[in-house]
Amino acid sequence: MTLNPPAEGERISLRDGRLVVPDHPVIPFIEGDGIGPDIWRASRRVFDAAIEKAFRGKKSIRWMEVYAGEKAFNLFKTWLPDDTVKAFQHYLVGIKGPLTTPVGGGIRSLNVALRQLLDLYVCLRPVRYLDGVPSPVKRPEAIDMVIFRENTEDIYAGIEFASASPDAGKILEFLSKEFPESFKKIRFGTAKAIEDWTKISGAASGPDHQVQVGVGFKPVSFHGSSRLIRAAIRHALEHKRRSVTLVHKGNIMKFTEGAFRDWGYQIAEQEFGSKVYTGAQWERTRKEKGEDAAHAEQKTALASGKLLVKDAIADITLQQVLTRPDEFDVIATLNLNGDYLSDALAAQVGGIGIAPGGNINYVTGHAVFEATHGTAPKYANLDKVNPGSVILSGEMMLRYLGWGEAADLVVRGLERTIRSKVVTYDFARLMTGAREVRCSEFGEAVVANM
C-alpha cells in the first residue's frame with residue numbers, strides 16, 4: 001500500500017499548540033467493515049453538504065481513503081497497514097467507521113491499536129439528547145455530559161497472560177517468592193488450594209489439580225492520568241461547564257484508581273488554582289472547621305464562578321447518571337470505567353447507534369473521530385442501518401477543525417429529521433407514526449433539513 005493524497009488538498013498543521021486548518025484540508029478516512037460502507041456514504045454526503053452550505057464553496061474537505069480491517073486484509077494481507085498509521089500521523093485529523101477485530105491472534109483490537117500507536121490519550125464522548133429520539137428513561141433531556149475517558153492505560157494496555165501458560169506460571173512464581181502476602185490473595189494459585197477446595201465442594205478438579213489462573217496487569221500512571229484530567233478541566237473552563245467529576249473505584253483499587261482521584265485533585269489545585277474549587281478542599285475544611293463551614297465555602301466558591309472538581313465512585317455513578325443526571329457535567333475517568341459509562345449513557349439518549357466519539361491527543365493535535373458501535377455484518381450492504389454515530393462524530397470533527405458553522409448545520413439537519421419522524425428501522429420500531437427510510441435516504445433527509 002502507498003499513500004495517494006488527493007490533488008489540491010493541504011495538510012493540517014500545528015502551530016503554537018493550535019491547529020492550522022487550510023481551506024481544503026486532506027482528511028484520511030476508513031469507511032469501515034460490515035455496515036461501514038453504507039453509513040460512510042450517507043455521512044460523507046451530509047458532511048460535504050453542510051460544508052458547502054456553510055461556506056459557499058470557499059472551504060471543502062479533500063477526502064483520502066486509507067485502509068484497515070477486512071478491506072485492508074483482503075487488499076494487502078494485513079489488518080492495519082503501516083501507511084494507514086502514517087497517514088493519520090501526517091495529516092493529523094481523520095475519521096473512521098467500525099472495524100472488525102481480528103480473530104485468532106495478532107492485533108487485539110484495531111481501534112485500541114490506532115489509539116495507542118498515535119497516543120490518542122483522550123476518548124471524548126459527548127452525550128446529549130436530541131429532541132424526538134426514543135429513549136427508555138423519563139427525562140432524557142436532563143442528560144448533557146461530556147466524558148473524558150483515558151485511552152492508553154488501565155487493563156486496555158493488554159498486559160495479560162493466559163491461564164496454565166508458562167508466562168502465567170512465571171508471574172505466579174514471582175509473586176509467591178517476592179510478594180507472598182499478595183500471592184495469598186490469589187485464591188486458586190496453588191495445586192494445594194485447588195485440591196482442598198475440591199475435597200470440600202465435591203466439584204471436579206482439573207487434570208492433576210492444574211493451576212489455571214489468568215493474570216493481568218492494570219497500569220495507571222501520574223503522567224497518563226494527569227494529561228487526561230488536565231484536558232477535561234480545560235474543556236470545562238473553556239465551555240463554561242459547571243463541574244468535572246473524577247469517576248473511580250478507588251475504594252477498592254487504592255493505588256491505581258485511588259491514585260487517579262488524588263492526582264486529579266492535585267492537578268486541579270496546582271495548575272488551575274483560583275479557577276476551581278475541589279472536593280479535596282471541601283474535605284480539608286470539613287476536618288478543620290466542620291461540615292457547615294465546608295458547605296458554605298463551596299457555595300461561595302461556586303457563586304463566584306469557580307468550576308467544581310469533585311469525585312464519585314464508579315458503581316454509584318452508574319446509578320446516579322440514571323437517577324440524578326443533572327448533577328453530572330464533564331466526567332474524567334479511567335479506561336474501563338469510561339467504556340461502561342459512555343455506553344450506558346448512550347442507551348439513555350437513543351443508543352450507541354447515534355453515539356459519537358473522538359480520540360484525541362491535545363498536545364500533538366492528532367485526532368481520529370469514529371463510529372462507536374460495531375460492524376453489524378448481518379446488515380452489511382443492505383442500506384438499512386442508522387448512520388447517526390458517524391454523522392455526529394463528523395460533527396465533532398468539524399468543531400475540532402474550527403468549522404462550527406458547518407457543524408451547526410449537521411446538528412440542525414439531524415434534529416429536524418428525527419423530529420419529523422423520518423428515521424431508520426432502529427428508531428422506527430420505537431416511534432409511533434414514524435416513516436422508516438433507508439440509510440442513504442436518512443442522509444438525504446438530513447441534508448434537506450439543514
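Predicted model: local features only at pLDDT ≥ 70, side-chain atom pairs only at ≥ 80, totals over all residues.

User: At what angle do the axes of helix α1 and helix α17 cross?

Analyst: The axes of α1, which covers residues 36–55, and α17, which covers residues 439–448, cross at roughly 10° and come within 8 Å. The two helices are therefore roughly parallel to each other.

User: Which residues make the contact between α1 and α17?

Analyst: On the side of α1 the contact is made by Asp38, Ile39, Ala42, Arg45, Val46 and Ala49, while α17 contributes Cys439, Ser440, Gly443, Glu444, Val446 and Val447.

User: How many helices and strands does the protein have, and how does its radius of gyration compare with what the globule rule gives?

Analyst: The protein has 17 helices and 17 strands. Its radius of gyration is 24 Å, close to the 22 Å that the globule rule gives for 450 residues, so the protein is as compact as a globular protein of that length. The C-alpha trace spans about 70 × 60 × 50 Å along the principal axes, and, among contacts with a separation of 6 or more, 73% are accounted for by residues 24 or more positions apart.

User: What share of the residues counts as buried, and how much of the accessible surface belongs to carbon and sulfur atoms?

Analyst: Of the 450 residues, 50% count as buried, and the accessible surface comes to about 21,400 Å², with 51% of it belonging to carbon and sulfur atoms.

User: Is Leu172 buried or exposed, and which residues does Leu172 touch beyond its sequence neighbours?

Analyst: Buried means under 20% relative accessible area, and Leu172, at 9% relative accessibility, therefore counts as buried. Leu172 lies in helix α5, residues 166–178, and, leaving out residues up to four places away in sequence, touches Phe183, Ile186, Val211, Val213 and Val215. With Val215, the separation is 43 residues in sequence and 8.3 Å in space, C-alpha to C-alpha.

User: Where is Ser225 placed, and is Ser225 buried or exposed?

Analyst: Ser225 belongs to helix α8, residues 222–238, and at 0% relative accessibility Ser225 counts as buried. Apart from neighbours within four places in sequence, Ser225 is in contact with Glu153, Val220, Phe260 and Trp263.

Note on methods. Residues numbered from 1 in each chain as written. Heavy atoms only, no water. Axes fitted to C-alpha atoms, helices over the stretch in contact; angles between N-to-C directions. Helix = DSSP H or I, 4+ residues; strand = E, 2+ residues; numbered from the N terminus. Parallel < 35°, antiparallel > 145°, perpendicular 65-115°, else oblique. Contact = heavy atoms within 4.5 Å. Rg over C-alpha atoms; globule rule 2.2 N^0.38 Å. Buried < 20%, exposed > 50% of the residue type's maximum accessible area, 1.4 Å probe, protein only. Areas by Shrake-Rupley, 256 points an atom, 1.4 Å probe, with all protein chains shown as cover.
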